[in-house]
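Reader: I have just opened this one and have not looked at anything like it before. Could you walk me through it while I ask questions as they come up?

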Amino acid sequence: MSDPEGTVPEQDPPPADVPGGSGGHRRFWSARRAPAGLVALLTLLITGAFLYDVAAVRAHRSALGWRRELARQLAERPLDDIWVLTGAGVATALGLWLLLLALTPGLRALLPMRPTDPGVRAGLHRDAAAMVLRDRALEVAGVRSVRVRVKRARADVRAVSHFRELDDVRADLTVVLDDAVEGLGLVRPPSLSLRVRRPGRKGR
């Protein structure tokens, strides 16, 4: 709708798509600054050295010793030489590592939350989610201590109860934690894995 002066108010652009999904359901992707910077630096050094040597040869100077030695080694060493196989293995491992970084989102500790605004994406750290579940679990009568570990698809809860029947404590914890997991607002709420036990010896 236009304002009285006939101008149209600006609207926020839609969020850009990135690999890994669409809308608020996609995972957060790491920028991979350290691997990208390392690859860029190595590429700059290697290409710079070769370009300098090629320019020197074009200027009627002799090629640098390292390039002559490299050419000789590549020409004389057989393919089954241990150093050739080692170099090929290292290069293959490095390439596979870079491909893995390029094809995986990273930021595994950040869980996507359900979008409440088309232009805003929110995420919840696993440690923060575990803290919320732990605090809610400690509110249940009979619970002495709780350990919570939140993964991408599951929340492992280990509780110690020093009074009340374990079945009653487990039932109350299930109700409270199911409500807490839903209240986290995650796109994919983790399933609950709950175990309740009595304190061990010396109160452990």
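Author: Let me begin with a term that we will need: two rings of Phe, Tyr or Trp count as a pair if their centres lie within 6.5 Å, with the six-membered ring taken for Trp. By that rule, the structure, which is a predicted model, holds 1 aromatic pair.

Reader: Which residues form that aromatic pair, and how is it arranged?

Author: Phe50 and Trp66 form the pair, with 5.2 Å from centre to centre and 80° between the planes, and this arrangement is edge-to-face. Phe50 lies in helix 1 and Trp66 in helix 2, which spans residues 65-76, so the pair ties together parts that are 16 residues apart in sequence.

Reader: What is the mean pLDDT of the chain?

Author: The mean pLDDT is 81, and 85% of the residues reach 70 or more. Over residues 1-24, however, the pLDDT is below 50, although this stretch has 19 contacts in the model beyond near neighbours in sequence. Where pLDDT is low, the predicted coordinates should not be read in detail.

Reader: Okay, new topic: how many residues does the largest nonpolar core have?

Author: The largest nonpolar core has 22 residues, and those with the most contacts inside it are Leu133, Val146, Val148, Val150 and Leu173. At least two residues each are supplied by helix 4 (126-138), strand 3 (143-150), strand 4 and helix 5 (166-183). Helix 5 provides the largest share of this core, with 5 residues.

Reader: You mentioned strand 4, so what does the side chain of Ser161 reach?

Author: Ser161 lies in strand 4, residues 154-161, and its side chain reaches the backbone oxygen of Gly142 at 2.8 Å and that of Phe163 at 2.8 Å. Ser161 is buried, with a relative accessible area of 0%. Its contacts outside the four places on either side in sequence include Gly142, Val143, Leu166 and Val196.

Reader: One last thing, what does Leu111 touch?

Author: Leu111 is found in strand 1, residues 110-112, and is buried, with a relative accessible area of 6%. Beyond residues up to four places away in sequence, Leu111 touches several others, among them Ala122, Leu124, Val150 and Leu186. The C-alpha atoms of Leu111 and Leu124 are separated by 5.1 Å, while the two residues are 13 apart along the chain. Val150, for its part, is one of the residues with the most contacts inside the largest nonpolar core.

Key: Residues are numbered from 1 along each chain as its sequence is written. Side-chain values use heavy atoms; hydrogens and water are left out. pLDDT is the predictor's confidence in each residue, from 0 to 100. Contact means heavy atoms within 4.5 Å. Helices (H or I, at least four residues) and strands (E, at least two) are DSSP runs, numbered from the N terminus. Buried means under 20% relative accessible area, exposed over 50%, partly exposed in between (1.4 Å probe, protein chains only). A polar contact is a pair of N or O atoms within 3.5 Å; within protein, one must be able to donate a hydrogen and the other to accept it, and residues adjacent in sequence count only if both atoms are side-chain atoms. A nonpolar core is a set of buried Ala, Val, Leu, Ile, Met, Phe, Trp, Tyr and Cys residues joined through side-chain atoms within 4.5 Å. Rings of Phe, Tyr and Trp (its six-membered ring) pair if their centres lie within 6.5 Å; planes under 30 degrees apart count as stacked, over 60 as edge-to-face and the rest as tilted.
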